[in-house]
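Dear colleague,

Please find below the structure that I am handing over to you. My findings follow after it.

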Amino acid sequence: MKNEAPPDPGVAAGARPAERSVASHLLFGGRREVIIDHGGERYRLRITGSNKLILIK
């Protein structure tokens with residue numbers, strides 16, 4: 001019997017291994033904005049007043 005890690009609660013059930021799906025409430029943790037560091041740049045991912053996502057460099 002193989003020891004398998006428990007499922008990651010941030011990854012949607014049924015997601016293919018090549019893609020990662022993270023539930024927004026886990027990513028934002030109750031906040032309306034997160035900062036993403038990517039390639040030496042900082043980006044803001046924000047939830048708008050109409051509950052849409054906007055990415056700002």
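**Salt bridges and surface of the model**

At 26% relative accessibility, glutamate 33 falls in the partly exposed class, because that class lies between the buried limit of under 20% and the exposed limit of over 50%. Please bear in mind that this is a predicted model.

Arginine 46 is partly exposed, because its relative accessibility is 32%.

The side chain of glutamate 33 also meets that of arginine 44 in a salt bridge, with an N to O distance of 2.6 Å. Since arginine 44 belongs to strand 2 (residues 41–47) and glutamate 33 to strand 1 (residues 33–38), the pair ties together parts that are 11 residues apart in sequence. Arginine 44 has a relative accessibility of 38% and therefore counts as partly exposed.

A further salt bridge joins the side chains of arginine 42 and aspartate 37, at 3.8 Å from N to O. Are these two residues buried or exposed? Both arginine 42 and aspartate 37 are exposed.

Turning to the overall arrangement, the protein has 1 helix and 3 strands. Read from the N terminus, these elements follow the order α-β-β-β. Of the 57 residues in the protein, 11% are buried. The protein exposes about 5200 Å², and carbon and sulfur atoms supply 53% of that area. Among contacts between residues at least 6 apart in sequence, 2% join residues at least 24 apart.

The surface also carries a nonpolar patch, formed by Val22, Leu26 and Leu27, which together have about 230 Å² of accessible area. With a relative accessibility of 37%, valine 22 is classed as partly exposed.

With kind regards

How values were computed
Residues are numbered from 1 along each chain as its sequence is written. This is a predicted model: local features need pLDDT of at least 70, side-chain atom pairs count only at pLDDT 80 or more; totals for chains, interfaces and linings use all residues. Side-chain values use heavy atoms; hydrogens and water are left out. Patches are made of residues with over 30% relative accessible area and no salt bridge: like charges are joined within 9 Å, nonpolar side chains (Val, Leu, Ile, Met, Phe, Trp, Tyr) within 5 Å. Accessible areas come from the Shrake-Rupley method with a 1.4 Å probe; for residues, only the protein chains shown count as cover. A salt bridge is a side-chain nitrogen of Lys or Arg within 4 Å of a carboxyl oxygen of Asp or Glu. Buried means under 20% relative accessible area, exposed over 50%, partly exposed in between (1.4 Å probe, protein chains only). Helices (H or I, at least four residues) and strands (E, at least two) are DSSP runs, numbered from the N terminus. Contact means heavy atoms within 4.5 Å.
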